[in-house]
Amino acid sequence: MKRNHSKSLFLFLVLLQCIASIGFAQIKTSTAVKTRILFMMDASGSMTNNWSTSNRFKISKTVIAAMADSLQKNPNVEMGLRVFGSMSPLSVHDCKDSRIETPIRPNNANNIKLKLNTLNAKGITPIAYALEQCAYDFVGSNEKCRNIVILITDGIESCEGNACEVSKRLQQKGIILQPFIIGLGLSAEAAATFDCIGRYDDAQDEIGFRKALKSTMNFILNNTTVQLNLLDEKGKATETNVPVTFYDNVVDVQRYHFIHTLNARGNADTLQIDPINNYNIVVHTTPPIEKKNVSIATNQHNIITIPAAQGELLVTTDGLSTYKELACVITKANSEETIDVLTINEKKKYLTGLYDIEILTLPRISIQSTRIAQSELTTIKIPAPGLVTILNTNAVPVLGSIFKEKGQSLDWVCDINGNSTTETITLQPGNYRLVYKNKGSKRAMTTRDERFKISSGSSANIRF
Amino acid sequence: MQELKDNFKSKILRNSFCAVFCFLFLLSSAHAQNKKIPTRLLFILDASGSMAGKWQEGSRLDAAKAIITHMADSLSKENISFALRIYGHQSEKSLVDCNDTKLELPFAKSTAANLSETLARVSPKGYSPIALSLEQAVNDFTLTKYECKNVIVLITDGFENCEGDACLAAEKLQSAGIFFRPYIIGLGLNSESKIKFDCVGQVFEANETANNFKEQISEVVISTIMNPTSLQVNLLNEAEKPIETNANMTFYDHENKSIKYNIIHTLNASGNPDTLFVDPQKKYDLKIHTLPAKEINNIELIPGKHIIAATSAGQGSLKMSINGTSKYKNLQAIIKQKNQIINIQNVNTTQNYLTGIYQVEILTCPRIILKDVKILQSQQNIINIPAAGTLQINKSQPGYISIFKREQNTLTQILVVPVGANKQTIQLQPGNYEVSFRAKNAISNKSTIQKKFNIVSGIATTANF
């Protein structure tokens, strides 16, 4: 098991590359996507029990063979067959009784049918182990591909394995998509244990089984399209040009990622989205929008709408500015969490709504509840700054701070360096005080208090 | 302090080892005397027309001269030097001379003889340019090598009647190092003038009905000058020791909330919080500009006594440094406490904060958010920021570009590159990134190009679209 582990890690990595690119591949060249289907068939002792018209094992063989024949016609499908419980008798309780009987290959229907005829049902039901092993079955091609396991079983896990965990892990690593399970005559209680493994479908007889398998195939292979409409405030699908990510809802893996685009007709461009998964959709506006657990109906054109009304914001200065790279911290109104840092003189889109803006001038400028309106540019003009130059001609280190007069009170703005002979500080217009004393002075009353005024574009000098 | 001394004295009397104790006591007080800073006193005498008004048998000016002469005599015993500036004495009232103010007797020449000779020449004439006199008084105190206590005593019968702002002039004295607010001796001030002088300094009124008015007023003023009311502000560290210092303290008038003084907290030569001399007539609200600020409200001084006000103000420091040479321009961090912005600190600087827990948001790309930054007493908390790497994006055509940080499987958009820019250099923190590009005029989602990058500190990466 340990030896296998390191080997499988390598295989996972190879597969990861294969699957991780599914999303982009589908968007780029949807016709070339290969679907690789692995039938994982139960060959445990119980499968020989009488069921419906004959016994479960025989019926399974017939139904799978017929499906293999029918899929053979689809050039984008490859198939393979893995069974469990076929090698060791029940009494041995072999928890590693599973092997790939027919490796996945194109034009494989005959191979599968021949193999089916040779199989006997004997042993136990090591589902987790079998699922774990199927990672190896999908190795072999790094073509863009969808890897799908269809588990056909009449019983629940009979070893210690945790098939749910294995399924999640393989999906997470991009080795398989969500598995499909068809339960043959399972009790509701037993059926429930498969919910966390994948999409479960129930068959109570042979006809039910055929139906279930057919609808599964339809689900997997039918052409499904999606249109993602990003709505403005009037409910029209005019918002676009923002990146969108579709995350797999089950395993939180990124499945599709694209920059939203309007087609030549001005409608949201159509997407090919695999309906096998449910998705959490993130629209990367500022702040981002998340729509959780979106399911895609198979074999039809799905329209998903997400309100994403945007407007633009620009912070700039009156007159000639000496600010460069000045940061403006944007939070949602009445919230403290920073959603973005906007640079002065750069336009940027935000979702419509109210924002608080903290402009990191000296002193800071706080602007509460600025409205970003649909398709409008909100411009915030701050006064151009002035400069104060502090000349320390005494060459004695100084301890000092600049304060702004605000009504009757003084607000701390910044400390001065005090060690340098010349220091220039960019300040917003206003009345200030420089409070300072020689660093070495042991007397508090030697504190000096110098007033100065800053106006836009001008400079003040203080000499000591 | 005074109380302490009184207690001490009575104890001494009761004590059988009186002699020894007395000796010690005298020694220590003599020692304190030696350490006292020398005082210089500038008289500013009003010789405006109104000073010709009647005071007892003579004029107000006569009364003022008598007070000055008596005070100068007392001062010489206290070893206090004096100088004399006079206003309104040179030009007749009809000339409306608002520049009529002159230092008649500088500190260097102030002998009793010179004083009486100078005063004898003065008669009441012109206007009262009080503000101008206060402004010019700054230069009357010649610079000294040793520290001096500089005091102004203004003797007048009325308020400014030129255009000057005497309040502002008095306030400016502080920035010139004359920290004691002027003492004003009023000769028959009307109630309006008394209120106006409130912003200039502490007013004492001479009593016209007392025969010994000059002795009375001299004693009161001199004893106020010699035994100033004082205040000590203790900034306590976490061990309750008053060793925190160097923060500016703004004194607000408790009644009208106006700014009275700015004094930078200082430890004196003995390492104790230095004594502050502020107007004893006021109650103060004190704002200590630590980060965040501390307040002590409603401080009341007791005339002639030493009052101690204290607050906890334990501090530690926060240093942020970025490894290697930073290509960020002016990298800053937002320091918050309880969701309030306390400060914007530049990276590669050190700043003191009160002890406690802060949130630090460093404006790197992407931002680094640290929710639990502890500032401990007298300790420096150092945050090291990994050096950024550079991503250069080249576009062959205009298009939409977004940069995402990838953490596990989640993409977080951190930057949108302007559509028009065809070349952009971006500083990014080390980590995994993805860049999405789509040509501006593309009409299909499928035109999106996605590239993955690993950004390493100090290394430049190029992305071509």
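Two residues are taken to be in contact if their C-beta atoms, placed from the backbone, lie within 7 Å. On this basis, in the predicted model described here, 66% of the contacts in chain B between residues at least 6 apart in sequence join residues at least 24 apart. In chain A, residues 24 or more positions apart account for 69% of the contacts with a separation of 6 or more.

Chain B comprises eight helices and 28 strands. Its radius of gyration is 33 Å, well over the 23 Å that the globule rule gives for 465 residues, so chain B is more spread out than a compact globule. The C-alpha atoms of chain B fill a box of roughly 105 × 70 × 40 Å along the principal axes, and 38% of the 465 residues count as buried. Chain A, for its part, has eight helices and 29 strands. A radius of gyration of 34 Å is found for chain A, whereas a compact globule of 464 residues would have a value near 23 Å. The C-alpha trace of chain A spans about 105 × 55 × 40 Å along its principal axes, and of its 464 residues 42% count as buried.

The two chains meet through 48 residues of chain B, which are in contact with 48 residues of chain A. On the side of chain B that touches chain A, at least two residues each are supplied by several elements, including helix H6 (166-175), strand E10 (248-253), strand E16 (332-337) and strand E23 (399-407) of chain B. The most is given by E11(B), with four residues. Sorted by class, this side of chain B has 16 nonpolar, 24 polar and eight charged residues.

In soluble globular proteins, nonpolar side chains tend to be buried together. The largest nonpolar core in the model holds 107 residues, of which A:Val283 and A:Cys328 touch the most other members. Leaving aside neighbours within four places in sequence, A:Cys328 is in contact with A:Val315, A:Val341, A:Leu342, A:Ile344, A:Ile357 and A:Ile359. Another core, of 57 residues, lies apart from the largest one and has A:Leu38, A:Ile104, A:Ala203 and A:Ile220 among its members.

Two packed helices are described by the angle between their axes and the distance between the axes. For helix H3 (residues 56-72) and helix H8 (residues 206-221) of chain A, the axes come within 11 Å and cross at roughly 35 degrees, and the crossing in which H3(A) passes H8(A) is right-handed. From H3(A), the contact is made by A:Ile59, A:Val63 and A:Met67, and from H8(A) by A:Glu206, A:Phe209, A:Arg210, A:Leu213 and A:Met217. By class, this contact has six nonpolar, no polar and two charged residues.

Helix H5 (residues 127-137) of chain A is mostly covered, with ten of its eleven residues buried. The buried residues of H5(A) include the charged A:Glu132 and A:Asp137 as well as A:Ile127, A:Tyr129 and A:Leu131. In chain B, eight of the eleven residues of helix H5 (residues 130-140) are buried, so this helix is largely enclosed by the rest of the structure. Among the buried residues of H5(B) are B:Ile130, B:Leu132, B:Leu134, B:Glu135 and B:Asp140.

A:Tyr436, found in strand E27 (residues 430-438) of chain A, has 27 other C-beta atoms within 10 Å and is therefore buried, the cut-off being 20 or more. Residues up to four places away in sequence not being counted, A:Tyr436 touches A:Val398, A:Leu399, A:Gly400 and A:Arg448. The C-alpha atoms of A:Tyr436 and A:Val149, 287 residues apart along the chain, are separated by 76 Å.

Most residues other than glycine have a negative phi, and most peptide bonds are trans. In chain B, a cis peptide bond joins B:Cys365 and B:Pro366, with omega about -5 degrees; B:Pro366 is found in the loop between strand E19 (356-362) and strand E20 (368-375). A:Asn107, although not a glycine, has a positive phi of about 50 degrees, and counts as exposed because 10 C-beta neighbours lie inside 10 Å. A:Asn241, likewise not a glycine, has a positive phi of about 65 degrees, and with 19 C-beta neighbours inside 10 Å counts as partly exposed.

Notes:
Residues are numbered from 1 along each chain as its sequence is written. Chains are lettered from A and ligands numbered from 1 in the order in which they are written. This is a predicted model: local features need pLDDT of at least 70, side-chain atom pairs count only at pLDDT 80 or more; totals for chains, interfaces and linings use all residues. The radius of gyration is taken over C-alpha atoms; the globule rule is 2.2 Å times the number of residues to the power 0.38. A residue is buried if 20 or more other C-beta atoms lie within 10 Å of its own, exposed if 12 or fewer, and partly exposed in between; C-beta atoms are placed from the backbone. A nonpolar core is a set of buried Ala, Val, Leu, Ile, Met, Phe, Trp, Tyr and Cys residues joined through C-beta atoms within 7 Å. Axes are lines fitted to C-alpha atoms, for helices over the stretch in contact, and angles run from 0 to 180 degrees between N-to-C directions. A crossing is left-handed if the near helix is turned anticlockwise from the far one by less than a right angle, and right-handed if clockwise.
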